[in-house]
Amino acid sequence: MTMMIMIKTLLLTTLLHPSHHHTTHSLSITPKTQSHNTIRGSNKYGTLNNSTILTPSDAAQKVGVLPTKEATKEEWQRAWKLHRGLMKPLHLGDGCRPKDSKLALACLWWKAIAGNDNSSPVHDYSLSYDLLPPVTRWIVSRRVCRFYPRLHHANVEIRTAYLDKALTNVINTIMNDHNNTTTAQQMRKKKIRLVVMGGGYDTRSIKLLEQSLLMQSGDDATITTTQYDLLRKRHNQSQKRRTRWYNRLLQRNKSRHNSNNDDKATTTGNAFFNITSTNYDLEAYELDLPEVVSAKRKLLSSRLFRRRPWLQRRVDEYPKLMEANFNDLNATRKVLEGILFDNQNDDEEREDVTNVILFEGVMIYLDKGVPHALLELCSDVLRKSQDGYTTYNSNTSSSTATLGYLCFADRLENIPGGDEDAAHVEMESTGWELIDFLSKPGLARHMGVARIV
């Protein structure tokens with residue numbers, strides 16, 4: 001009871017504090033309370049180098065979310081300290097007790113706030129929310145989340161919206177290329193392999209899978225009936241409520257999918273509603289530090305799949321969680337090669353796989369020189385894993401020669417501000433062709449899409 005009173009008091013302090021309408025300060029605030037989380041370049045990537053970075057309102061408008069609140073530096077710092085201080089009491093009695101490595105746990109709560117906002121393009125139907133503790137998570141519930149001032153969670157929402165849209169566009173491009181191949185190849189499902197570098201407690205790969213299942217259910221009445229029957233076997237009242245909730249989600253997805261038959265992008269729902277094809281199999285790997293991998297594995301098995309049983313019945317070790325320390329480049333190379341060389345000797349399998357590597361907010365914690373080397377490593381392993389790909393597929397269209405894609409919302413090296421020309425130079429020097437770029441305020445200020453051809 002004491003804990004709940006304390007949480008309510010702290011929450012009300014944040015929500016009810018008077019607003020200040022001063023000029024927006026840079027979001028690149030290095031918290032003193034996180035001295036063990038060394039942030040690369042935090043002492044030289046400040047306001048003096050921000051002239052080429054989009055303002056919060058411009059960046060938000062580009063990705064279709066509301067801008068962050070105009071607030072003083074003191075408000076940002078106070079919100080940060082309050083949120084960090086709440087982490088321990090919010091997880092008291094939490095059987096999973098996930099480790100807050102490199103702010104991964106804080107980001108989970110921020111993404112739960114944005115994910116519960118049904119007007120946001122990152123709306124995830126409580127997916128992130130379902131990873132949170134059963135009692136204390138009410139403070140970011142759908143009825144409460146709208147009262148939070150748009151500070152740190154809104155800044156993270158910008159990069160989440162960008163990456164979701166970028167991944168959607170990449171998948172649509174891959175499927176368009178697949179549909180332009182020979183009839184025999186079209187009859188086989190396209191295989192897309194998503195490799196998330198530093199997955200933390202993010203749920204993007206699971207959100208993508210859930211949307212894929214919903215789209216397949218909309219196309220196949222048998223799948224819909226099977227999933228519904230599986231849920232009906234759970235007889236307690238809470239499971240019945242979840243069954244009705246999933247049915248409503250399914251119907252909502254069908255109506256949006258049907259309204260999008262003219263191939264025009266929808267303006268509501270999360271970005272994954274705009275994926276135009278279901279003729280693909282998705283495989284996902286997430287690499288992170290051992291303690292994060294262990295904690296997330298427990299969160300998925302003990303919490304998420306129990307709350308969303310239709311996922312548990314439809315997946316086989318998804319996503320595949322693997323331990324990696326990116327500062328150790330040799331060890332990271334071995335992990336990546338183990339993933340991407342999996343079907344190296346099977347030409348029939350190799351020809352139908354496209355890899356997508358994704359970075360979000362992980363490079364800022366790596367040692368100097370590692371982010372550049374890591375991008376170079378990824379492009380090198382992708383090329384080696386696809387040796388002979390272009391020759392084997394010489395009868396397909398030239399666009400299918402793409403060996404892999406990169407989506408990122410992070411801090412690249414050698415780009416102090418948001419200079420797109422510098423981003424092109426950095427990406428080309430690491431073996432990538434930059435095809436889209438956008439800057440935003442904050443630590444993970446560089447967002448973009450690149451490819452290897």
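Visitor: In which crossing does helix 13 pass helix 15, left-handed or right-handed?

Guide: Right-handed: that is how helix 13 passes helix 15. This is a predicted model, by the way.

Visitor: Which residues of helix 13 meet helix 15?

Guide: L329, T332, R333, L336, E337 and L340 do. On the helix 15 side, their partners include V370, A373, L374, L377 and C378. By class, this contact has 10 nonpolar, 2 polar and 4 charged residues.

Visitor: How many aromatic pairs does the structure hold?

Guide: There are 2. One of them joins W80 and W110.

Visitor: Why is the pair of W80 and W110 called tilted?

Guide: Look at the planes. They stand 50 degrees apart. Under 30 degrees would be stacked, and over 60 would be edge-to-face. The value of 50 degrees falls in the rest, so the pair is tilted. The centres are 5.8 Å apart, and rings pair within 6.5 Å.

Visitor: Where do W80 and W110 sit in the chain?

Guide: W80 is in helix 3, residues 73-90, and W110 is in helix 4, residues 104-115. They are 30 residues apart, and the pair links distant parts of the chain. Both W80 and W110 are buried.

Visitor: What makes the pair of Y125 and F273 edge-to-face?

Guide: Again, the planes decide. The angle between them is 75 degrees. The cut-off is over 60, so the pair counts as edge-to-face. Its centres are 6.3 Å apart. Y125 lies in the loop between helix 4 and helix 5. F273 lies in the loop between helix 10 and strand 2. That places them 148 residues apart in the chain. Y125 is buried, and F273 is buried too.

Visitor: How do you know whether S126 is buried or exposed?

Guide: By its relative accessible area, which is 11%. Buried means under 20%, so S126 is buried.

Visitor: And N414, is that residue buried or exposed?

Guide: Exposed. The relative accessible area of N414 is 52%. The cut-off is over 50%, so N414 passes. N414 also has a positive phi, of about 70 degrees, although it is not a glycine. N414 is found in the loop between strand 5 and helix 17.

Visitor: What is the relative accessible area of I192?

Guide: It is 1%, and I192 counts as buried. I192 is found in strand 1, residues 190-197. Among the residues that I192 touches are I171, I174, M175, Y280 and L282. The C-alpha atoms of I192 and N355 are 6.0 Å apart, although 163 residues separate them along the chain.

Visitor: How many helices and strands are in the protein chain?

Guide: There are 17 helices and 7 strands. Of the 453 residues, 57% are buried. Among contacts between residues at least 6 apart in sequence, 79% join residues at least 24 apart.

Conventions:
Residues are numbered from 1 along each chain as its sequence is written. This is a predicted model: local features need pLDDT of at least 70, side-chain atom pairs count only at pLDDT 80 or more; totals for chains, interfaces and linings use all residues. Side-chain values use heavy atoms; hydrogens and water are left out. A crossing is left-handed if the near helix is turned anticlockwise from the far one by less than a right angle, and right-handed if clockwise. Helices (H or I, at least four residues) and strands (E, at least two) are DSSP runs, numbered from the N terminus. Contact means heavy atoms within 4.5 Å. Ala, Val, Leu, Ile, Met, Phe, Trp, Tyr, Cys and Pro count as nonpolar, Asp, Glu, Lys and Arg as charged, and the others, Gly among them, as polar. Rings of Phe, Tyr and Trp (its six-membered ring) pair if their centres lie within 6.5 Å; planes under 30 degrees apart count as stacked, over 60 as edge-to-face and the rest as tilted. Buried means under 20% relative accessible area, exposed over 50%, partly exposed in between (1.4 Å probe, protein chains only). Lists of a residue's contacts leave out its neighbours within four places in sequence.
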